[in-house]
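Dear colleague,

Please find below the structure that I am handing over to you.

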Amino acid sequence: MIPYVLALYALVALTVALTAAYLGRYVMPRPPVGRMVGADVAVMVGALVVMPFAYLHVPAAVVVSIFGLVILTLTQLTLAPVLGGRWAMLAALLLCAADVTAYALGWPAALLVINDALLILLVVGVVNLWTQAAITPAQVAALAAALTLYDTLATGLTSLTVDFVQRMRGLPFSPVLATSFGDDPALIGLGDCLMLSIWPVVALRAYGKAAAWCAAGLEAVLLALSIVLVLSSGRPLPLLTVLGPLIFLQWVYWRRRQALGTPAPARPEVNRALEVTDAPAGVWAALSPEGRLVAEGATPGLARKEARLAGAEGVPVVWRLGE
């Protein structure tokens with residue numbers, strides 16, 4: 001079992017490294033969907049939560065077909081910047097066809113290898129799509145918190161994850177990264193791989209290299225502890241139960257540190273108001289484009305009204321600092 005567990009976590013580390021390397025070199029073609037918003041995070045949580053139930057209760061042919069189509073599309077998108085659009089589609093078709101063929105011919109080792117390759121490409125593609133859609137650290141933290149609750153219930157308190165693993169054993173396009181499916185399976189779910197891969201990338205973009213290395217280091221420690229737990233007790237660690245709070249706490253820390261270290265934005269209008277008026281602190285001042293004081297008021301509305309009465313339309317109204 002030890003070689004399988006070590007090989008699994010080596011694949012996890014490879015997935016995280018490939019995700020970061022891909023982001024630094026390639027830009028994926030994507031639909032013009034704009035920026036990531038809260039509703040998108042909710043949809044992602046729903047999809048990851050519903051997936052195990054679908055594998056348990058929907059006919060296998062339907063689930064394999066749907067997930068196969070998703071993998072085909074994302075594999076082509078991931079490989080397109082590397083190989084070009086047509087070659088990427090051909091490679092994606094060949095990989096998906098090989099996965100189905102290995103299943104049909106009863107070649108479990110080949111099925112395992114091909115399925116792992118497809119899942120790694122899926123994670124690399126999804127994480128880079130999310131990053132290009134400007135997913136924020138707050139959204140990643142929210143996603144991690146939601147998946148923490150789900151993983152705790154599904155893996156730690158119920159048999160949902162175990163039933164899910166048993167149901168999908170030997171099927172093509174299984175949403176797990178695995179090195180064995182025996183009596184003691186060595187595998188990790190798609191949600192775990194996504195969260196392990198996306199947080200260092202998002203931390204790098206939002207907070208810098210220190211945050212990214214901190215994220216990678218904490219994940220390495222967590223994976224090491226997971227290996228020890230699996231090898232010593234034979235019980236799987238609900239990874240997101242620990243990883244989710246780690247991501248959330250890192251977000252809180254780096255967000256606060258960034259806020260404390262960011263200088264207040266320059267406000268030329270406020271500075272000009274302070275220079276040209278002797279109004280008491282807290283009064284709103286309306287300035288002309290040249291910086292001349294036009295009117296004062298106790299509220300923004302009154303300042304604008306006084307400015308209009310003075311014949312100065314469209315002048316900015318600013319808050320007098322020093323209150």
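Is the crossing of helix 1 and helix 5 left-handed or right-handed? The crossing of these two helices is right-handed, where right-handed means that the near helix is turned clockwise from the far one by less than a right angle, and left-handed that it is turned anticlockwise. Helices here are DSSP runs of H or I with at least four residues, numbered from the N terminus.

Please note that this is a predicted model, in which local features need pLDDT of at least 70 and side-chain atom pairs count only at pLDDT 80 or more, while totals for chains, interfaces and linings use all residues. Residues are numbered from 1 along each chain as its sequence is written, and side-chain values use heavy atoms, with hydrogens and water left out.

Two packed helices are described by the angle between their axes and the distance between the axes. For helix 1 (residues 2–25) and helix 5 (residues 108–132), the axes come within 9 Å and cross at roughly 40°. The axes are lines fitted to C-alpha atoms over the stretch in contact, and angles run from 0 to 180 degrees between N-to-C directions. Helix 1 and helix 5 are therefore oblique to each other (under 35 degrees is roughly parallel, over 145 roughly antiparallel, 65 to 115 roughly perpendicular, and the rest oblique).

Val 27 lies in the loop between helix 1 and helix 2 (38–57). Because its relative accessibility is 65%, Val 27 counts as exposed (exposed is over 50% relative accessible area, buried under 20%, partly exposed in between, with a 1.4 Å probe and protein chains only). Val 27 touches Pro 81 and Gln 132, not counting residues up to four places away in sequence. The C-alpha atoms of Val 27 and Asn 128 are separated by 8.1 Å, although the two are 101 residues apart along the chain.

Helix 9 (residues 209–233) has 25 residues and reaches 36 Å from its first C-alpha to its last, close to the 36 Å expected at 1.5 Å a residue. Among the buried residues of helix 9 are Ala 215, Glu 219 and Leu 222.

Finally, Ala 307 lies in helix 12 (residues 300–309), and Ala 307 counts as buried because its relative accessibility is 2%.

A colleague

Key:
The expected span of a helix is 1.5 Å times one less than its number of residues. Contact means heavy atoms within 4.5 Å.
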